[in-house]
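Please walk me through this model in the viewer, one selection at a time. For each stop, say what to select and what is found there.

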Amino acid sequence: MVRTKGAGGSAVERIQELILAEGLVPGDPMPTETALCERLDISRSSVREAMRTLASLDIVEVRHGHGTFVGQLSLAPLVNGLLFRARLDDGNDLRALREVVELRIAIDLSVADQLVDIYRGTVNPELESLVEEMRTLAGQGKPFPQADAAFHSTLFAELPNGLMRQLAQAFWEIHTTAVPMLGLAPAEDILDTVEAHRAMLVALEAGDTDAYRAAVHEHYRPLGRTLDAAAETGRAAALR
C-alpha cells in the first residue's frame, strides 16, 4: 500500500494523488476517513471538506451507509455548470445555449468521416425505429427527448474516442434540459428535425459524407429559428 503522508499540496490534491498512487478506478472503495487522516497527515475537517469538493466533481461518490468510493469521473459537473450559465444568460440573447448548440454541431461534423467509415453499407433497424418513434411523437405534438437521446448515443456508440462520446452526450443533455428550463417554445417545424435524423442515417449508410454534413445542419436549423424568435421577443419586451 502506498503511503503519501507528508506530501505537499492541498487536501484535495493529496487525495487525488492517493487515488492515482493506489491505482484505484471508478467504483473502488476509498480508504476510510481515519485512514486518510493518518496517511496524509491532515485533519479530519480537512478530509471532510476535501471529500465534499471531490464529490462535487464526481471524483468520489459517497454512498450513505456503505462508504465512499471512487466516482464515475463523469462530465456531470460540466453539465451543471453550463446549465447554470444558461440560466444566468437567459434574456441576454440566450448566448450560453447558442454556444452549446454550436458545440453540438461542431462535434457532429468533426466525426463525419469516422461515422461514414463505421456505417457505410450497413443496415440499422434500431436507429430506423428511433426515427420512426420521433416521427410518431412529433406528429402527435409530443416531445421526444428519450428517442432523440437514444438515437445520438447509439449513433456515436462505435466511435473509438470515449471522451468524444461523453462530450456529445453532455452537450445534448445541456441543450435538451435548458430549452424547457428557459421557457422556449418547441419549434413549429420540429418534423424537419425528425427528417434530418433520417437523412443523417441514410447518408452514413450510403457513405456520403457531404450529405451527412448537410443533414446535420438541417437537424439544428429549427432550433436556430426558435432561438432567434425567443431572442427577438426578449429584445422587444426590453424596449417596452
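At roughly what angle do the axes of helix α5 and helix α9 cross? Select residues 95-110 for α5 and residues 162-181 for α9: the two axes come within 10 Å and cross at roughly 145°. Keep in mind that this is a predicted model. The crossing of α5 past α9 is left-handed.

Now show the side chains where these helices meet. On the α5 side, select Leu97, Val100, Leu103, Arg104, Ile107 and Ser110. Their counterparts in α9 are Met164, Leu167, Ala168, Phe171, Trp172, Ile174, His175, Ala178 and Val179. Sorted by class, this contact holds twelve nonpolar, two polar and one charged residues.

Next, go to the strands. Select residues 60-63 for β1 and residues 67-70 for β2; the two pair in the antiparallel sense, with four bridges. Pick Arg63 and its bridge partner in β2, which is Gly67. Together β1 and β2 make a hairpin, with three residues between the strands. In the turn, select Gly65 and check its phi, which is positive at about 90°.

The last stop is Thr193, in helix α10, residues 190-206. Is Thr193 buried or exposed? Thr193 counts as buried because its relative accessibility is 7%, and the cut-off for buried is under 20%.

How values were computed
Residues numbered from 1 in each chain as written. Predicted model: local features only at pLDDT ≥ 70, side-chain atom pairs only at ≥ 80, totals over all residues. Heavy atoms only, no water. Buried < 20%, exposed > 50% of the residue type's maximum accessible area, 1.4 Å probe, protein only. Axes fitted to C-alpha atoms, helices over the stretch in contact; angles between N-to-C directions. Left-handed = near helix turned anticlockwise from the far one by under 90°. Contact = heavy atoms within 4.5 Å. Nonpolar A, V, L, I, M, F, W, Y, C, P; charged D, E, K, R; others polar. Pairing = 2+ DSSP bridges.
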